[in-house]
Amino acid sequence: MIVIMKANATKEQVDSIIKRVKKEGLDVQINQGKDHVVIGLLGDTRKMQDVAFNSYEGVENTVRISNTYKLTSREFHPQDTVVDVDGVKIGNGEFVTMAGPCSIEGLDQIRECARIAKAGGAQILRGGAFKPRTSPYAFQGLEEEGLKYIRQAADELGMKVITEVMDEGHIDMVAEYSDILQIGARNMQNFKLLASVGKTGKPIGLKRGISGTIDEWLNAAEYIAVQNNNNVIFIERGIRTYETATRNTFDLSAVPLIKKLSHFPIIVDPSHGTGIWDLVPPMARAGVAAGADGMIVEIHPDPANAWSDGPQSLNEKTYMKMMKEVQIMEKAMKEINSL
Ligand code: PEP
Ligand code: MN
């Protein structure tokens, strides 16, 4: 349930609603919108059903939100949220690229990836130090050593870092080196992990689960938002369907749908979305056209010898070409958005 205050509502009028809600043992989160204050009621709102909020002074309307997610919803927060990654803004109308290898393999490798990423226009360097691998015998990541390397490589070029955290026990360590904490597809419904990363207050890149529905994904974001963390970035990375010709089925309709249902930005991951390098550029272009706020893409100086996800990684030449194409798409989108 949300209570929308009138444009000229006073602080006392807002406070009287908060007081009434807290009296019932519920909590609130306030969204100071452009014109209106919106009060979100958190907890079991059934006991508030009979409270006639509309007869309180200063109240414009009360809306019962039928979704289980509230803070994540557009109803609660009509304006777009712009996530500020230490100066790089995601969701403000500029398409932001995050690029780098699937795994950090060493200092030289991540430095070379950073050089390529930046040359193409990426502002954020990606790379996994903790890798969720299907086989326990596959390379699991360089862990803290890798985190040091990616931070160094990014700092040398003035880039930001996104890297995955898989385990609650590693959050402080990963947060020390990374600007965005990535929650991988396999952990979209690891609710304790979501709550714990939420508490850091850092931007969270929330991948869509391998079989995650849109509703489950929005609820996963709610676990982060309820920790007072409004820095969620959705990442569409494809879902598992009956189709096996691509690694995943890249659900681009998720982009406009998430934008309709939520105020948080959404970026696309055409690398995991397709699993095949030469499908990545066309799907990156399509991501721009679908209205994504950015993308995360895997690159490698020598994809054939990458320690993970080589088949979906772009080499320098293909990445640079894709980035030119994406820039053309961005210009077209700006024109479309101004119609
Ligand atoms: C990754 O980004 O390398 C990764 C493991 O992604 P996902 O969680 O989407 O599979
Ligand atoms: Mn990968």
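I will start with a salt bridge: E24 pairs with R20, and their closest N and O atoms are 2.9 Å apart. A salt bridge here is a side-chain nitrogen of Lys or Arg within 4 Å of a carboxyl oxygen of Asp or Glu. E24 counts as partly exposed, at 26% relative accessibility. For those classes, buried is under 20% relative accessible area, exposed is over 50%, and partly exposed is in between, with a 1.4 Å probe and protein chains only.

Some housekeeping. This is a predicted model, in which local features need pLDDT of at least 70 and side-chain atom pairs count only at pLDDT 80 or more, while totals for chains, interfaces and linings use all residues. Residues are numbered from 1 along each chain as its sequence is written, chains are lettered from A and ligands numbered from 1 in the order in which they are written, and side-chain values use heavy atoms, with hydrogens and water left out.

Back to the salt bridges. By the rule I gave, the count is 20. One of them joins D44 and R46, at 2.7 Å from N to O. D44 is partly exposed at 37% relative accessibility, and R46 is exposed at 61%. There is also a network of salt bridges that links E112, R115 and E316.

Where does the salt bridge between K207 and D269 sit in the chain? The closest N and O atoms of K207 and D269 are 2.6 Å apart. K207 is in strand β11, residues 204-207, and D269 is in the loop between β13 (266-268) and α8 (270-274), so the pair links distant parts of the chain, 62 residues apart. Helices (H or I, at least four residues) and strands (E, at least two) are DSSP runs, numbered from the N terminus. K207 and D269 are both buried.

K207 takes us to the ligand. A polar side-chain atom of K207 lies 2.9 Å from an oxygen atom of ligand 1. For R186, a side-chain N or O atom is likewise 2.9 Å from a ligand oxygen. E298 has a side-chain N or O atom at 3.3 Å from an oxygen of ligand 1. Polar contacts are pairs of N or O atoms within 3.5 Å; within protein, one must be able to donate a hydrogen and the other to accept it, and residues adjacent in sequence count only if both atoms are side-chain atoms. Ligand 1 surrounds itself with 13 residues, the closest being R126, A185, R186, K207 and R237. The cut-off there is a heavy atom within 4 Å.

Next, E105, in the loop between β7 (96-100) and α2 (107-120). Contact means heavy atoms within 4.5 Å.

R133 itself is in the loop between β8 (124-126) and α3 (144-156). R133 is partly exposed, at 27% relative accessibility. Beyond four places in sequence, R133 is in contact with A138, F139, Q140, W307 and S308. R133 and R186 are 53 residues apart in sequence, and their C-alpha atoms are 9.9 Å apart.
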